[in-house]
Every structure is written in structure tokens, then in C-alpha cells.
Amino acid sequence: MKTKSGSLELARLRKKWHDGPSQKLLGLAFGTKLLAMKLELIDNELAKEAERIAELTNQAVGELQEIFSTEKNK
Amino acid sequence: MNDQTQLRERCPLRIFLVENHRDTAEYLREYLERIGYQVVLGRNMEMTLKEFPEAKCNLLICDIGLPDGNGWELMQKLRSTGKFVALAMSGYATADDIERSKAAGYLHHLIKPFSPQVLEAVLEQIGEDLRSESENVCGHE
């Protein structure tokens, strides 16, 4: 059973998640992908490295989204 | 020129992107432009209410949490300005949030953070749907 303090804490975390990390992680996901696209025009090896970072970022983003969606929908 | 680019040119999505986090907004805008879409950027509700009707966009991508209101309220106010498709994006992701976005008129509620691949797939689907509708929808006329 949810307590009042538990609900307040959840609301606080929800707002902090929305206003902070969710915004910045979205920027990170698109920023790294853009970097990889730009490097493709300059250096293939560096572009591959950047693409790997972009892919890792995307995986982390997907996993975090799954965790938070599950927690928020409980 | 690949098939996807040719399709986008036949019926381009002109996107009005509402995002108040500056870096995120710039990365999103540049990514969307690089994959072939036209983008107009809005920072908040006031700016969007003023500029969206004149921007002739056929797709609105809107953050739900805005500094001067929210994306649900904004959608209500924009509905009368013309025919367009809308996507909500938000870190708020309960079933209630998603339902509220659908009730407000958003086609999808994208949960932040999402990957470029997810956004691109959604946009391609919307583009295909619009292409199968009348040319008037594509032209926002």
C-alpha cells in the first residue's frame, strides 16, 4: 500500500527525472548520433568510434526508459 | 538520392519542434534537418502560440512540460489553427500521462529519453500516412 510520504517521494522523483536527466539524456542521444554523422565526412575510423558511443548511449537510454516506465506505471 | 529522401521530398514533413531545454532542442533540430526534414523551433507556449499558425507546419512535436504551461493545454489552443499531426514527448510516462496526451489530440506520446532510431521510425510512419492521404494535407492548404 502506498503511504502519503511514499507518494510524495514518488512525485518528487518524477519531477526531478522530468526536469533533469530525461532532458539531458535525450540531448546526449541525439548529440552523439550527430557527432557520428559529422565524423563520417572526415574520418571513417573516428566515425566508427563515435557510432559505437552513440549505440551505447542508445542502449542505456532504452534500458533507463524501460526501468523508469515500469517504476512509474506501478 | 535514396528512396526515403525522394519520398520525403514528394511530401515533406515540416516540423514545429517545441522544446525548452536549449542543447536538447538544438541537437534535435540539427538531427531532424540532417535526415531531411524542415524544422521550426519553439521554446515555450507563448512563442508557439504566436508562431505556429504562420509556420505552415504539418507536424508538431511538443514537450509536455513547458516553462509557461504544458503541451496538453497548448494542443487545445492550437487545434483550431489547421490540420496537423502532433507528437508529445515527455519524461512523464504514467498510463495517465499517455492517456492525457491521446485525449489532447497527440498521435503518440514519446517517453523521454528516446533514441534517434525511435523518432525516425515514427516520423517515417507519419510521412507514409500523410502521403496516402490527400496532397492538401501534405501542403497544409
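This is a predicted model: local features need pLDDT of at least 70, side-chain atom pairs count only at pLDDT 80 or more; totals for chains, interfaces and linings use all residues.

Me: OK, so how many residues does α2(B) have, and what does it reach from its first C-alpha to its last?
Reply: α2(B) has 13 residues and reaches 18 Å, close to the 18 Å expected at 1.5 Å a residue.

Me: Which residues of α2(B) are buried?
Reply: They are T24(B), A25(B), Y27(B), L28(B), Y31(B) and L32(B).

Me: And why do they line one face of the helix?
Reply: Looking down the axis of α2(B), the buried residues fall within an arc of 165 degrees, so they line one face.

Me: What's on the other side of α2(B)?
Reply: R22(B), E33(B) and R34(B) are there, and they are exposed.

Me: Back to the buried ones. What covers the buried residues of α2(B)?
Reply: The cover comes from both chains. It includes α2 (21-39) of chain A, along with β1 (14-18), β2 (38-42) and α6 of chain B.

Me: What about the backbone just after α2(B)?
Reply: G36(B) sits there, with a positive phi of about 110 degrees.

Me: Let's do the interface. How many residues are in contact between chain A and chain B?
Reply: 22 residues of chain B are in contact with 24 residues of chain A. On the chain B side, α2 (22-34) and α6 (116-132) each supply at least two residues. α2(B) gives the most, with 7 residues.

Me: How does that side of chain B divide into nonpolar, polar and charged?
Reply: The residues of chain B that touch chain A split into 10 nonpolar, 8 polar and 4 charged.

Me: Last topic, the strands in chain B. How do β6 and β7 of chain B run?
Reply: Strand β6 (residues 85-90) and strand β7 (residues 108-111) of chain B run parallel, joined by 4 bridges. L87(B) stands opposite H108(B) in β7(B).

Me: And which helix makes a β-α-β unit with β6(B) and β7(B)?
Reply: That's helix α5 (residues 95-104) of chain B, and the unit is right-handed.

How values were computed
Residues are numbered from 1 along each chain as its sequence is written. Chains are lettered from A and ligands numbered from 1 in the order in which they are written. Two residues are in contact if their C-beta atoms, placed from the backbone, lie within 7 Å. Ala, Val, Leu, Ile, Met, Phe, Trp, Tyr, Cys and Pro count as nonpolar, Asp, Glu, Lys and Arg as charged, and the others, Gly among them, as polar. Two strands pair if DSSP finds at least two bridges between them. A crossover is right-handed if, with the strands pointing away from the viewer, the path from the first strand over the helix to the second runs clockwise. The expected span of a helix is 1.5 Å times one less than its number of residues. A residue is buried if 20 or more other C-beta atoms lie within 10 Å of its own, exposed if 12 or fewer, and partly exposed in between; C-beta atoms are placed from the backbone. The arc is that of the directions from the helix axis to the C-beta atoms.
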